[in-house]
Amino acid sequence: MTNRGVDRSVECTSSIQAMISAFEYVHDGWGVAILVGVPSKDDVFKTHPMNLLNERTLKGTFYGNYKPRTDLPNVVEKYMKGELELEKFITHTVPFPEINKPFDLILKGESIRCIIRMDE
């Protein structure tokens, strides 16, 4: 469809096949694929070595590449000023004895973020 590849691709579905496709469809020489989603722990990223040797670039990110030591204080400051509505992203709250439940919910696609209550 693009005749030789796209300059940039961004994949954020967490589908391993979509990740592979996003990388394989960028242009040789200067194409850049950026992977944002987190695949299943059992998924394997398989592609032909020539895709790397042809100077395609593969980049990935967790949480937008926030660096906790330098970036988190700014996030806290914005939250305290009411500039960030973080509560919208908290989908579940669980007591400490159920600490593993959030992992199952996230893997099923049923949760964005969970709060673990230490006092329950």
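# Close-up views of a predicted model

View 1. An open sheet is formed by 3 strands in the order 1-2-3, with parallel pairing. Strand 1 and strand 3 (57–60) are the edge strands, each with a single partner strand, so one side of each has no neighbour in the sheet. From one strand to the next, the twist averages 15 degrees. Two strands pair if DSSP finds at least two bridges between them. Strands (E, at least two residues) and helices (H or I, at least four) are DSSP runs, numbered from the N terminus. This is a predicted model, in which local features need pLDDT of at least 70 and side-chain atom pairs count only at pLDDT 80 or more, while totals for chains, interfaces and linings use all residues. Residues are numbered from 1 along each chain as its sequence is written, and side-chain values use heavy atoms, with hydrogens and water left out.

**View 2. Strand 1 beside strand 2.** Strand 1 and strand 2 run parallel and are joined by 4 bridges. Arg 8 has Val 32 in strand 2 as its bridge partner, and Ser 9 has Ala 33. Strand 1 (residues 8–11) has a covered face with Ser 9 and Glu 11, and an uncovered face with Arg 8 and Val 10. The chain passes from strand 1 through helix 1 to strand 2 in a right-handed β-α-β crossover (with the strands pointing away from the viewer, the path from the first strand over the helix to the second runs clockwise).

**View 3. Helix 1 on the sheet.** Strand 1 and strand 3 are the edges of the sheet. Helix 1 packs on the sheet and touches strand 1, strand 2 and strand 3; its direction makes about 170 degrees with that of strand 1. Contact means heavy atoms within 4.5 Å. Axes are lines fitted to C-alpha atoms, for helices over the stretch in contact, and angles run from 0 to 180 degrees between N-to-C directions.

**View 4. An aromatic pair.** The structure holds 1 aromatic pair. Phe 23 and Phe 45 form this tilted pair, at 6.1 Å centre to centre and with 55 degrees between the planes. Phe 23 lies in helix 1 (residues 16–24) and Phe 45 in the loop between strand 2 (32–35) and helix 2 (50–53), 22 residues apart. Rings of Phe, Tyr and Trp (its six-membered ring) pair if their centres lie within 6.5 Å; planes under 30 degrees apart count as stacked, over 60 as edge-to-face and the rest as tilted. Phe 23 is buried at 0% relative accessible area, and Phe 45 is partly exposed at 29%. Buried means under 20% relative accessible area, exposed over 50%, and partly exposed in between (1.4 Å probe, protein chains only).

**View 5. His 27 in a loop.** His 27 is in the loop between helix 1 and strand 2. With 14% relative accessibility, His 27 is buried. Leaving out residues up to four places away in sequence, His 27 touches Arg 4, Gly 5, Val 6, Asp 7 and Arg 56.

**View 6. Cys 114 in strand 5.** Cys 114 belongs to strand 5 (residues 113–117) and is buried, at 19% relative accessibility. Apart from neighbours within four places in sequence, Cys 114 is in contact with His 92, Pro 102 and Leu 105.
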